[in-house]
Amino acid sequence: MRILCFGSLNIDYTYRVDHFVQKGETISSKDLQIFSGGKGFNQSIALAKSGMEVYHAGAIGTDGMFLLEQMKQAGVHAEHVQVLDDVPTGHAMIQNDKDGDNCILLYGGANQAITTDQADHVLSFFHEGDYLLLQNEINITAYLMRKAHTRGMKIALNPSPMNEKIFDLPLELVDCLILNEIEASQLLANQISAQETGAAMAGYLKQKYPSAAIVLTLGEAGSVFLDQEQIFQKIYAVHAVDTTAAGDTFTGYFLGTLLQGGSVPKAMDRAARASAIAVTRPGAAPSIPSLEEVLSQELSCFS
């Protein structure tokens, strides 16, 4: 069994601010740092660091060659990433406030220049039982889902960033849906009230997408898994510096642990520990911890 992450690669411009800029407001940044990122990139790095063999497909411009090097250094197979001469690499402008929260403006760039020819070529290397991991930062996601399904691949989807494109996807083909509570409420639209618990939201999602295992992250309330069984996972409280890659770290470590034979409770716990470590550091991909770090926390009093 192998996993292919077909997803975005970004250059992240991260600005440290006291508060997020408001309409009509001009503020000064206290700092600027440039990091590797993109939800697809981050999740591939997290998968590799969890010990999983992972292949990444996507596209960058010539300005993003350092992203390929970082993927290779992390152990990600990057031969399916195309380098485009006429389109710049996607990038993100990230504001980090004093509480460690963030807001993000995306520019798609090469992430929106994926062709069906590239998709067909890449998918030809993968077969029944292999996994395809997708997010919502590249084009032709629906095409990839349908083609992968016809090949007998399992589909894991993280519908982030959430927008109207999600509702055009063949979500009935998804085998594992990994999302946060805000994305869940948007997917469920008017089916739930603001007072619904995480367990109830997971239940509604399972009713709507019965073929999918649901993995729902709930911020300070932890996370919940729902399929044939329901598993609740607590958070590990830390002082957050930058939450940019928290969800991507969780996704990569959850799937990586599970696909290497770990139980659902083990995968949920390891993902929670890894994401807790990630938020204590600046940056997206650079904040993702190694498996050795996560295992050392499992043996310590980190709780």
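Select Ser-36 and Gln-70 in this predicted model, and you will find that their side chains make a polar contact with each other at 2.6 Å. Ser-36 belongs to strand β3, which covers residues 31–37, and because its relative accessibility is 2%, under the 20% cut-off, it counts as buried. To see what surrounds Ser-36, display the residues in contact with it beyond its neighbours within four places in sequence, among them Asn-10, Asp-12, Phe-41, Phe-66 and Pro-286.

Next, turn to the salt bridges, of which there are six by the rule used here. Select Arg-2 and Asp-130, whose side chains meet in one of them, with a distance of 3.5 Å from N to O. This pair links distant parts of the chain, since Arg-2 sits in the segment before β1 (3–6), while Asp-130 lies 128 residues away in the loop between α3 (116–123) and β8 (131–134). Arg-2 is partly exposed at 21% relative accessibility, whereas Asp-130 is buried at 6%.

Now move to Lys-206 and Asp-227, which form a salt bridge whose closest N and O atoms are 2.7 Å apart. Lys-206 is found in helix α6 (residues 198–208), and Asp-227 in the loop between β12 (223–226) and β13 (230–233), so that the pair, 21 residues apart, also links distant parts of the chain. Here Lys-206 is buried, at 16% relative accessibility, and Asp-227 is partly exposed, at 28%.

Finally, select Asp-269 and Arg-273, which are joined by a salt bridge with 2.8 Å between the closest N and O atoms. Both residues are buried, and because they stand four residues apart in helix α8 (residues 264–278), about one helical turn separates Asp-269 from Arg-273.

Definitions and conventions: Residues are numbered from 1 along each chain as its sequence is written. This is a predicted model: local features need pLDDT of at least 70, side-chain atom pairs count only at pLDDT 80 or more; totals for chains, interfaces and linings use all residues. Side-chain values use heavy atoms; hydrogens and water are left out. Helices (H or I, at least four residues) and strands (E, at least two) are DSSP runs, numbered from the N terminus. Buried means under 20% relative accessible area, exposed over 50%, partly exposed in between (1.4 Å probe, protein chains only). A polar contact is a pair of N or O atoms within 3.5 Å; within protein, one must be able to donate a hydrogen and the other to accept it, and residues adjacent in sequence count only if both atoms are side-chain atoms. Contact means heavy atoms within 4.5 Å. A salt bridge is a side-chain nitrogen of Lys or Arg within 4 Å of a carboxyl oxygen of Asp or Glu.
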